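Subject: Structure for you to look at

Hello,

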Amino acid sequence: MNRLWALIKRYYHRLGSPQYFYDISTRFLPWLVAVSVLLCGFGLIQALLFAPQDYQQGQTFRIIYIHVPAASLALSAYLMMALSAAIGLIWKMKMAEIIAKVCAPIGASFTFIALVTGAIWGKPTWGTWWIWDARLTSMLILFFLYLGIMSLHAAIQNTQTAAKSTAILALVGVVNLPIIKYSVEWWNTLHQPATFKFMQKPAMPADMWMPLLIMMLGFYCLFVVLVILRARCEIIDRERRSRWVKELILATKQD
Amino acid sequence: MQFSSFSELIQMGGQGIFVWSSYGITLLVIAINVLSPLLRRRALRKEIKHSINREVRQHESNS
Amino acid sequence: MLNPHPLPSEGKAFVRLLMRDLVAAFRHRSDWMNPLFFLLMVVSLFPLGISPEPQILAKVAPGVLWIAALLSTLLAVDALFLQDYEDGTLEQLVLSPSSLYLMVLAKVVTHWLVTGLPVALLAPLLGIMLNLSGDGLWVLTLTLLIGTPTLTLITAIGAALTVGIRRGGLLVSLIALPLYIPVLILGTAAVVAAVDGFAYQAHLSLLGAMLALALVLAPFAVAASLRISLSN
């Protein structure tokens, strides 16, 4: 156990160096892409072709296979962003700052996907594109938080200052997330009865939750791929004065 | 297979537009998230190459 | 040899900053009176724009008044840090040996006294304009009294993060609005509950809890943000 911990710490510190991160990600990226494509591909086939339709909602139920993974990622991306931001702020680790910066647009994209697919799903299911229940409102606020962080980052010229300021904003937003969830639930239960549940049956049969599990895994792998892609760009941008980046640029052919 | 024909797959019992627009928008957003860093990378490479060449030329003209 | 010029105690420094800012605010009355006039005019726009029917007005009144209060707070944001930043006093404050937490608190208190408090005090008048009934008026004032300090604290975070940025005003709104939302939700829910005859004490205590949380945590965030923004 101690050895495992020592190993983790060692790789954590090494990954803190942008060059190491870049080299390691060059090696692993093809594998990660392959795994994501396989998982998402297989998941999509299962979701669209083989999963049974819901006896009440019909075929629109298939939207769940996109909506739930996206929503889950939207939240996880924020937490990862906040965590990296905190690490970057406290320990001044460059790589943590880069990861935090990069999580924002990706998290915002997944929040957008969750909101849009939710609205499209809602139209035939609830009869309305939008409903101000706890979940949807919290997701919308999350989207605004992401936008605020991205705008703040873009508005500050100095890289270090931008990283530190957005870190503080991200951390303040973390406090806001449970507050939003709580206050909206409170507000809702007083004025509306319990909201419509996505799944009428509490336990889904296996042929329904299996594609969901695969899509979740696929989406999470996809998230890692997207983070690495953007992080690599950031690294090249920030380290452009260093020798290893110059050698890298000169060595590789136009892709 | 839940659907016996391709047209059935597209129709999805009349709810095809909802399902396919969801999946379509998702695909679009993910594609943008994949292409954007790749395009940026290409632009960065060009930029840095230019600045390296400029440096080399400056160095040569100085020495 | 005893130090002939001992540093003022933290409490004294707090009070001095408070007094100085209040005097400054009194001298520049338009800084905070304009947002109040804006509030008055905006609230008058709603009956004209939506519908003058008393029932409809009464229904939208809590939300309209709370949103108007929120917007007024945002309008007055420059008075928090921007003016001091531009003449260099903000930098002096950040560099001073007094606790930045307390300095920030002093600034927030002054700001609230000239923006949030007047709004809360005007609330009964505005509520009557929008046909809000007796119980609702009282609860509205109460929710604004508790909620506007929280709004000011949140605005301070946004203002501190953007103080060095050109045209940062819009950015402050972008940052602050998601954070305002729980306060807005609870504030309006309390008033609506009071108007409908339901219990509102729970909402008020939650609002109070949010104020307590903001009072304790926000000045830290503001102080850290100021240091970062000024380090440029």
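In chain C of this predicted model, residues 24 or more positions apart account for 80% of the contacts with a separation of 6 or more. For chain A, the corresponding share of the contacts with a separation of 6 or more is 78%.

The make-up of chain C can be followed along its sequence, where the pattern reads α-α-α-α-α-α-α-α-α-α, which comes to 10 helices and 0 strands. The radius of gyration of chain C is 19 Å, close to the 17 Å that the globule rule gives for 232 residues, so chain C is as compact as a globular protein of that length. Along the principal axes, the C-alpha trace of chain C spans about 75 × 35 × 30 Å, and 48% of the 232 residues in this chain are buried.

Chain A has 8 helices and 0 strands, and its C-alpha atoms fill a box of roughly 60 × 45 × 40 Å when this is taken along the principal axes. Of the 255 residues in chain A, 42% count as buried.

Where do chain C and chain A touch, and how many residues are in contact? On the side of chain C there are 23 residues, and these are in contact with 23 residues of chain A. Helices α8 (134-162), α9 (169-196) and α10 (201-230) of chain C each supply at least two residues of the side that touches chain A, and α9(C) gives the most to that side, with 12 residues. Sorted by class, the side of chain C that touches chain A has 19 nonpolar and 4 polar residues, with no charged residues.

Within chain C, please also look at helix α7 (residues 116-129) and α8(C), whose axes come within 8 Å and cross at roughly 160°. Because of that angle, α7(C) is roughly antiparallel to α8(C), and the crossing of the two is right-handed. The residues of α7(C) that meet α8(C) include C:Gly116, C:Val119, C:Ala120 and C:Ala123, while among those on the α8(C) side are C:Gly136, C:Leu137, C:Leu140 and C:Thr141. By class, the contact of α7(C) with α8(C) has 10 nonpolar and 6 polar residues, and here too no charged residues are counted.

With best wishes

Notes. Residues numbered from 1 in each chain as written. Chains lettered and ligands numbered in written order. Predicted model: local features only at pLDDT ≥ 70, side-chain atom pairs only at ≥ 80, totals over all residues. Helix = DSSP H or I, 4+ residues; strand = E, 2+ residues; numbered from the N terminus. Rg over C-alpha atoms; globule rule 2.2 N^0.38 Å. Buried ≥ 20, exposed ≤ 12 C-beta atoms within 10 Å, placed from the backbone. Contact = placed C-beta atoms within 7 Å. Nonpolar A, V, L, I, M, F, W, Y, C, P; charged D, E, K, R; others polar. Axes fitted to C-alpha atoms, helices over the stretch in contact; angles between N-to-C directions. Parallel < 35°, antiparallel > 145°, perpendicular 65-115°, else oblique. Left-handed = near helix turned anticlockwise from the far one by under 90°.
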